[in-house]
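Subject: Structure for your review

Dear colleague,

Please find the structure below, followed by an account of what was found in it. I would be grateful if you could read the two side by side.

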Amino acid sequence: MDYSQFFSAALNRLHDERRYRVFADLERIAGRFPHAIWHSPKGQRNVVIWCSNDYLGMGQHPKVVGAMVETATRVGTGAGGTRNIAGTHHPLVQLEAELADLHGKEAALLFTSGYVSNQTGIATIAKLIPNCLILSDALNHNSMIEGIRQGGCERKVFRHSDLAHLEELLREAGPDRPKLIACESLYSMDGDVAPLEHICDLAERYGAMTYVDEVHAVGMYGPRGGGIAERDGVMHRIDVLEGTLAKAFGCLGGYIAAKAEIIDAVRSYAPGFIFTTALPPAICSAATAAIRHLKTSNWERERHQERAARLKAILNAAGLPVMSSDTHIVPLFVGDPEKCKRATDILLEEHGIYIQPINYPTVPKGTERLRITPSPYHDDGLMDGLAEALLQVWERLGLPLRKRSMAAE
């Protein structure tokens, strides 16, 4: 039997549906972000990155790089295995304490990625609660959906950030049934924010636990970078907060923070924790340095918000179809998978601008878009150049523009 035919057929389906993904070979250079080198088929080219989730550029911060280099030099590279076999190296202990403090919780538990922390964290919590009903926001990330599925309990999906629908499902479940509300604080494809205060109100009224994914908000919002929950003053009302070290903190890893008994139970039962090698000491030290810096420095957050606001204003003034967003995410509507991919190809090849197309299944069909994430280091000249390049691409592909604002005339 020719087994390769199955894989070829699967790849052909992706090509036919215009969903086949191509990754650019990029080389970032510390101290020059968002500038990078693209190793293109025709050789090296300088490009500007406009879609990185290293939102604050902490991946190149001298404190973060220095902590990584110093720790690797002092204690070596790897963690030596799982924590159950190799023990827990001290930089990891320090990092978990820093994360617990960041979120005002008793304890935190580190995983190898934000995906794994959701997938194994939610599944383990659900399995430990008899007859648990999970109420999941319709736009939750795939990692949350997988965690809920693997939990094996009943799930009901409420319409995105629809409090009335959520309350209806909570009421139907009854007061005696264990319930877990799972949502994100900031939804990264649209850039909208969940009504966390009202969700907490409903959870308390109907006796539900809350699990909030803050991966796109930690480091970014709140006076110490604790996320939307800290900014909105509800962090103490949320049972489990989940976050990542791979975005605003510029490193790698995911985590959950909660009461000590919740963390200890997940640590003791979660296969995705028990059987996985721990993150290396150097990574942990770098993440700790990033968290400590952002707990006391607001420059990055303030500059970042100013840059995002300016970019939205420029693109709107140019008549480009910026989707509404109150956060640092700047989505640009395209609505066609082929044109979305073609737009990004032209931007990269002809303008030296790197933006990944966002197509199905990341977003629903017909809502394809460019997802732009300006950083504190995207200056006015780069923004003006981006707007000019986008206008040229929009005209070339016959994509519709909005009416230009007076500011553009």
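Pro361 lies in the loop between strand E15 (357–358) and strand E16 (369–372); helices (H or I, at least four residues) and strands (E, at least two) are DSSP runs, numbered from the N terminus. The peptide bond from Tyr360 to Pro361 is cis, with omega near 10 degrees.

This is a predicted model, in which local features need pLDDT of at least 70 and side-chain atom pairs count only at pLDDT 80 or more, while totals for chains, interfaces and linings use all residues. Residues are numbered from 1 along each chain as its sequence is written, and side-chain values use heavy atoms, with hydrogens and water left out.

A cis peptide bond also links Phe33 to Pro34, with omega near 15 degrees. Pro34 belongs to the loop between strand E1 (26–28) and strand E2 (35–40). Asn131, in the loop between helix H5 (114–128) and E5, has a positive phi, near 60 degrees, although Asn131 is not a glycine. Most residues other than glycine have a negative phi, and most peptide bonds are trans.

Turning to the strands, E1-E2-E3-E14 is the order of an open sheet of 4 strands with mixed pairing (two strands pair if DSSP finds at least two bridges between them). Its edge strands, each pairing on one side only, are E1 and strand E14 (353–354). Within this sheet, 6 bridges connect E2 and strand E3 (residues 43–49) in the antiparallel sense, and Trp38 has Arg45 in E3 as its bridge partner.

Strand E5 (residues 133–137) and strand E6 (residues 154–158) run parallel and are joined by 5 bridges. Opposite Asp137 stands Phe158 in E6. From E5 the chain passes through helix H6 (residues 142–151) to E6 in a right-handed β-α-β crossover (with the strands pointing away from the viewer, the path from the first strand over the helix to the second runs clockwise).

Finally, helix H7 (residues 163–173) packs with helix H8 (residues 196–206) at an angle of about 15 degrees, the axes being 10 Å apart (axes are lines fitted to C-alpha atoms, for helices over the stretch in contact, and angles run from 0 to 180 degrees between N-to-C directions). Contact (heavy atoms within 4.5 Å) brings Leu163, Leu166, Glu167, Leu170 and Arg171 in H7 together with His198, Ile199, Leu202, Arg205 and Tyr206 in H8.

Yours sincerely
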